[in-house]
Amino acid sequence: MASAKSTVLPGFGPTLGYTVFYLGLIVLIPLAALFLRAAGLGWDQFVSAAFSPRVLASYRLSFGGALVAASINAVTGLLVAWVLVRYDFPGRKLVDAVVDLPFALPTAVAGIALTAIYAPNGVMGKLLTPLGIKVAFTPLGVVVAMVFIGLPFVVRTVQPVLQDLEAEHEEAAVSLGASRLQVFVMIILPAIFPALLTGFALAFARALGEYGSVIFIAGNMPGISEITPLLIVTKLEQYDYAGATAIAAVMLVAAFILLVVINTLQKWRRARFAGA
């Protein structure tokens, strides 16, 4: 008679109960309290607080900047991942480690560094200002900060897929007369597209909620370079809890939608690999 299989952790019931209790205490209860507070505002007050012209301008900058930054990272992140996987060169491990710097750096340090570089008297600012390009304290600076913090998400999502992609298929296509562009479009891109799309979604979500690295370089001018997370903090500092709650509820719904999209993309990616 086979003996019961022993495990280090207790049975399914206790572990599931602890998981549900912990997630409820740390995640669900605070979010539910936020929604309840927002629901108590009344529809007219909620719309007035969450969709005023100043708030709408912050939405446009946060969502638009995150979309532009994630699109840039999708292209540059793919190139960086390709170089790290397909080429062996001196300092490759160092470059690979540098990709993770936005993960390791405190966001305030990143913001201060970007501001120092792109300010009119900074290293890059001195070169760009004569050309009529102003980065620091403009919406462009917001996009630059979002690109900085979002790049690792694309690289680290695409890199393992490229490592598992066998080069024999590309070599066979080339031997049959396919051009480099045809090889990329017909063989490489379909294989990495689910991972690339997941990395894009993760970079977008990260940029949308970014605060520390953006506020230093943004300039924080209402209606021009003010991001939504900063506006929430501003409302709290002004003791406008109703306004902060309404804006936070809108961002929470957006975050939930992004979470659903990311999970769907990840399931699609796993299904693609399982069927390959």
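# Reading salt bridges, packing and burial in a helical model

Q: Which residues are linked in a network of salt bridges?
A: Asp 96, Asp 100 and Arg 156 form such a network. Keep in mind that this is a predicted model.

Q: How many salt bridges does a search of the whole structure find?
A: The search turns up six. The test is a distance: a side-chain nitrogen of Lys or Arg must lie within 4 Å of a carboxyl oxygen of Asp or Glu. Asp 240 and Lys 235 qualify, with their closest N and O atoms 3.6 Å apart. Arg 206 and Glu 210 also form a bridge, and there the closest N and O atoms are 2.1 Å apart.

Q: Which salt bridge links distant parts of the chain?
A: Look at the side chains of Glu 226 and Arg 54, which meet at 2.7 Å, N to O. The two residues are 172 residues apart. Glu 226 sits in the loop between α11 (212-218) and α12, while Arg 54 belongs to helix α3. Glu 226 is buried, with a relative accessible area of 4%. Arg 54 is partly exposed at 31%.

Q: At what angle do helix α3 and helix α12 pack?
A: For a helix pair, read the angle and the axis distance together. Helix α3 (residues 53-86) and helix α12 (residues 228-237) pack at about 145°. Their axes are 8 Å apart.

Q: Which residues make that contact?
A: From α3 come Arg 54, Val 55, Ser 58, Tyr 59 and Ser 62. From α12 come Thr 228, Pro 229, Leu 231 and Thr 234. By type, the contact residues divide into four nonpolar, four polar and one charged. An α-helix has 3.6 residues a turn, so residues three or four places apart point the same way.

Q: How many residues of α12 are buried?
A: Seven of its ten residues are buried, which makes α12 mostly covered. They are Thr 228, Pro 229, Leu 230, Leu 231, Ile 232, Thr 234 and Lys 235. Just after α12, check the backbone as well: Tyr 239 takes a positive phi of about 60°.

Q: What is Asn 73 in contact with, leaving aside its neighbours within four places in sequence?
A: Start with the location: Asn 73 is found in helix α3. Then the cover: a relative accessibility of 1% makes Asn 73 buried. Then the partners. With those neighbours set aside, Asn 73 contacts Leu 78, Met 146, Val 147, Gly 150, Leu 151, Val 154 and Ala 203.

Q: Where is the nonpolar surface patch?
A: The patch covers about 1000 Å². Tyr 18, Phe 21, Tyr 22, Leu 23, Leu 25, Ile 26, Val 27, Leu 28, Ile 29 and Leu 31 make it. Take Leu 25, found in helix α1 (residues 12-39). Patch residues need over 30% relative accessible area. Leu 25 has 46%, and counts as partly exposed.

Q: Is Gly 24 buried or exposed?
A: Gly 24 is buried, with 11% relative accessibility. This glycine is also in helix α1. Beyond the neighbours within four places in sequence, Gly 24 contacts Ile 29 and Pro 30.

Q: How many helices and strands does the protein have?
A: Count the elements, then read their order. There are 13 helices and zero strands. The C-alpha trace spans about 75 × 65 × 30 Å along its principal axes.

Q: What share of the residues is buried?
A: Buried residues make up 37% of the 276 in the protein. The accessible surface comes to about 16000 Å², and 71% of that belongs to carbon and sulfur atoms. For the fold, read sequence separation. Among contacts with a separation of 6 or more, 75% are between residues 24 or more positions apart.

Conventions. Residues are numbered from 1 along each chain as its sequence is written. This is a predicted model: local features need pLDDT of at least 70, side-chain atom pairs count only at pLDDT 80 or more; totals for chains, interfaces and linings use all residues. Side-chain values use heavy atoms; hydrogens and water are left out. Axes are lines fitted to C-alpha atoms, for helices over the stretch in contact, and angles run from 0 to 180 degrees between N-to-C directions. Helices (H or I, at least four residues) and strands (E, at least two) are DSSP runs, numbered from the N terminus. Contact means heavy atoms within 4.5 Å. Ala, Val, Leu, Ile, Met, Phe, Trp, Tyr, Cys and Pro count as nonpolar, Asp, Glu, Lys and Arg as charged, and the others, Gly among them, as polar. Patches are made of residues with over 30% relative accessible area and no salt bridge: like charges are joined within 9 Å, nonpolar side chains (Val, Leu, Ile, Met, Phe, Trp, Tyr) within 5 Å. Accessible areas come from the Shrake-Rupley method with a 1.4 Å probe; for residues, only the protein chains shown count as cover. Buried means under 20% relative accessible area, exposed over 50%, partly exposed in between (1.4 Å probe, protein chains only).
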